[in-house]
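Trainee: Please pick one spot in this model and take a close look at it. Then place it against the rest of the chain.

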Amino acid sequence: MADTLTLFTSIGLSEQKAKETLKNEALSSALKDAIIQARRTCGASGVDKAIGTLLYSMASRLKDPKRLAFLSDGIVQCKICTELQLAAALEFVKSHPQDPINQGEFDEACGVGVAITPEQIEEAVESLIKKHKEQLLKERYHFNMGLLMGEARSALKWADGKVVKNEVDLQVLHLLGPKTEADLEKKVKVARVHLFKRKRENYKTEGYVVTPNTMDLLKKHMELTGGQIRSRFPPEPNGILHIGHAKAINFNFGFAKANNGICFLRYDDTNPEKEEEKYFTAIRDMVEWLGYEPFAVTHASDNFQQLYDLAVDLVRRGHAFVCHQKGEELKGHNAPPSPWRDRPAEESLVLFDRMKKGLFAEGEATLRMKMVMEDGKLDPVAYRIKYTPHHRTGDEWCIYPTYDYTHCLCDSIENITHSLCTKEFQARRSSYFWLCNALDVYCPVQWEYGRLNLTYTVVSKRKIIKLVETGVVRDWDDPRLFTLTALRRRGFPPEAINNFCARVGVTVSQTTTEPHLLEACVRDVLNDTAPRAMAVLQPLRVTIANLPEGSKSDVRVPDFPANEAKGSHAVPFSSTIFIEQSDFREVMEKGYKRLTPDQPVGLRHAGYVISFQKVIKDAQGKVVELEVTCCSSETAEKPKAFIHWVSQPLTCEVRLYERLFLHKHPEDQSVVPNGFLSDINPDSLHVISGALVDTSVKRAKALDRFQFERVGYFSLDPDSTADKLIFNRTVTLKEDPGKI
């Protein structure tokens with residue numbers, strides 16, 4: 001059993017997946033035979049993960065075991081390279097049960113040896129876009145994109161579907177531009193109708209408790225507010241906001257705005273041990289960065305005296321008591337009942353006053369509410385003792401209210417109409433209503449929605465601190481994180497984050513989303529807002545032999561080639577330029593369109609076509625310089641491609657970011673048994689110190705964004721100085737199909 005487990009993990013299966021496979025006797029036997037057969041065929045080179053994945057897929061789907069050796073050989077010999085080819089192969093052997101298999105027919109049916117180049121995909125999609133152009137322009141993003149994909153897949157049977165989709169999306173974006181509010185309207189409108197339809201009938205909300213005083217309290221509330229919608233965003237000031245908070249900010253502020261209401265920014269500052277001034281500042285900074293202005297900035301601590309007075313009233317009414325059970329005893333949902341639950345109210349009042357005066361040690365006494373929460377938890381704590389100075393009230397208080405006590409009462413005090421919170425707070429809804437009604441104060445309504453989660457990241461404050469402390473990331477704003485400060489530093493526009501939240505929408509169910517959907521929103525915005533520049537990350541020196549040495553002219557480069565009316569900038573052009581190393585091939589390859597000894601190439605914006613003359617290599621045989629000649633693009637035959645270049649450039653540092661984690665769910669112990677710190681992607685940051693960029697970016701300010709033509713979108717990092725520019729790659733120009 002152990003040997004078989006080792007065999008399965010050797011082809012790239014996780015230990016968990018291998019153990020699950022062993023439980024299935026038929027699959028385990030087939031996979032074992034497939035691996036042994038593959039090893040016979042490939043010999044010492046072994047079975048890599050890509051082959052292993054196909055072998056597993058084949059073994060789990062093959063109905064006729066006599067074809068196992070034939071298909072295993074096909075996979076190892078790279079005749080069957082994709083899931084699409086494997087599906088065709090399985091179908092072929094199913095429909096051809098007789099021996100021998102006709103190899104020629106099999107190869108044709110399964111696309112063996114067929115290679116679809118990026119150029120073929122581009123041309124096929126271009127033809128389809130042209131065919132449907134009129135309808136696309138009319139319907140824009142409401143057009144049935146599945147029709148395009150279906151036709152593209154038919155025309156490109158053996159192409160990678162993800163690459164085809166990427167090309168379709170790119171060409172549609174090029175034709176239509178970024179999505180407008182009208183393009184998104186249908187989806188957003190449905191959400192608003194569903195969520196906002198009962199805004200003036202809170203007392204009819206499911207679970208809302210109507211008491212004999214409810215209507216009088218609502219009447220007074222309406223008189224004070226004039227029926228105005230009021231929401232609030234109530235973060236704890238003990239950490240930096242992340243992408244999930246962006247959804248909460250958009251929902252709370254957006255809900256108020258959509259209904260001509262107001263939204264408060266309220267700091268839930270009831271735990272002085274974890275709160276720091278830098279978090280207060282950073283939270284407000286991020287709210288305003290996303291484009292929202294709070295009606296007022298308030299603090300739970302503004303109401304400490306009123307909250308204390310209400311707690312005294314709660315004890316008098318017989319709904320709270322002072323308890324001496326220890327914190328360890330109260331953990332979980334099966335805590336023993338408190339022996340002090342029925343102590344007289346007068347006794348609890350005296351003890352609560354002694355708590356306030358500092359006559360008990362921390363943990364020696366708490367004030368608890370007499371109620372059962374929806375999740376079954378009994379008598380939640382309302383006040384606890386903490387001898388830690390508060391950042392706003394100093395040493396005035398040594399007892400502090402809990403979230404369960406504070407939240408609904410601060411909402412009531414501020415006359416909030418809608419307490420919008422994530423689904424995990426549903427278990428506290430009954431306590432929210434109970435406490436307001438127990439004290440006979442105005443009771444807002446609580447609505448829950450599903451929180452937003454992203455794959456390939458962690459957002460827990462504790463885990464981010466671990467990442468910082470272990471040196472995996474530099475700080476909370478490391479661009480590989482999904483905190484809002486990190487996304488800003490990476491160059492994500494706030495509009496893109498807001499658009500992403502709108503696209504995800506508001507649902508009751510929890511949403512787990514791929515980062516590439518957020519990145520698509522970023523591209524939509526930057527395509528229209530990031531001015532173009534030219535940068536070369538891996539430079540190759542090129543000398544233009546038929547231009548006089550020292551000659552120099554200026555070339556006008558449009559900031560936005562699709563709309564030249566938006567401005568342009570000048571860059572120098574001389575007899576020495578630099579191009580990307582990848583834009584030259586000494587040996588011509590099929591489908592390659594850029595510079596080779598036999599193939600000229602155009603220079604973007606310069607009006608020149610260059611032709612190869614000579615290659616210069618160093619002692620190790622590496623190409624270090626080219627000599628070329630140039631002629632006007634007006635007289636030359638049109639080249640197959642135009643490449644970017646720089647001349648008399650600035651040297652800069654470029655930081656290229658990839659996913660921080662290797663697995664989608666780094667916190668899932670079944671996938672990453674050794675914990676999230678063991679799942680770090682070693683290639684999540686690649687620093688290029690010798691990149692070159694044109695002089696148009698010389699006066700850029702920190703966080704300014706650019707599109708480096710043919711390279712990607714970049715943002716100037718705050719670490720930059722006048723002598724050293726540092727650019728963070730925000731996103732690539734195209735979505736990487738491998739990330740889907």
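Mentor: Start with A18. Leaving aside residues up to four places away in sequence, A18 touches L5, F8, T9 and L13; contact means heavy atoms within 4.5 Å. The model is predicted, so local features need pLDDT of at least 70 and side-chain atom pairs pLDDT 80 or more, while totals for chains, interfaces and linings use all residues. Numbering runs from 1 along each chain as its sequence is written, and side-chain values use heavy atoms, without hydrogens or water.

A18 sits in helix 2, residues 15–23 (a DSSP run of H or I, at least four residues, numbered from the N terminus; strands are E runs of at least two). A18 is buried, at 0% relative accessible area (buried is under 20%, with a 1.4 Å probe and protein chains only). Y449 lies 431 residues from A18 in sequence and 37 Å away in space, C-alpha to C-alpha.

The largest cavity has a volume of about 90 Å³ (the space filled by probe spheres set on the points, joined across faces, edges and corners). Its lining holds 10 residues (an atom within 4 Å of a point). F482, R490, E519, E658 and R659 lie nearest the centre of this cavity. The lining splits into 4 nonpolar, no polar and 6 charged residues (Asp, Glu, Lys and Arg count as charged).

Key. On a 1 Å grid over the protein atoms alone, a cavity is a set of points where a 1.4 Å probe fits but cannot get out, and a pocket is an open set with protein on both sides within 12 Å along at least five of seven lines; lining residues have an atom within 4 Å of a point. Buried means under 20% relative accessible area, exposed over 50%, partly exposed in between (1.4 Å probe, protein chains only).
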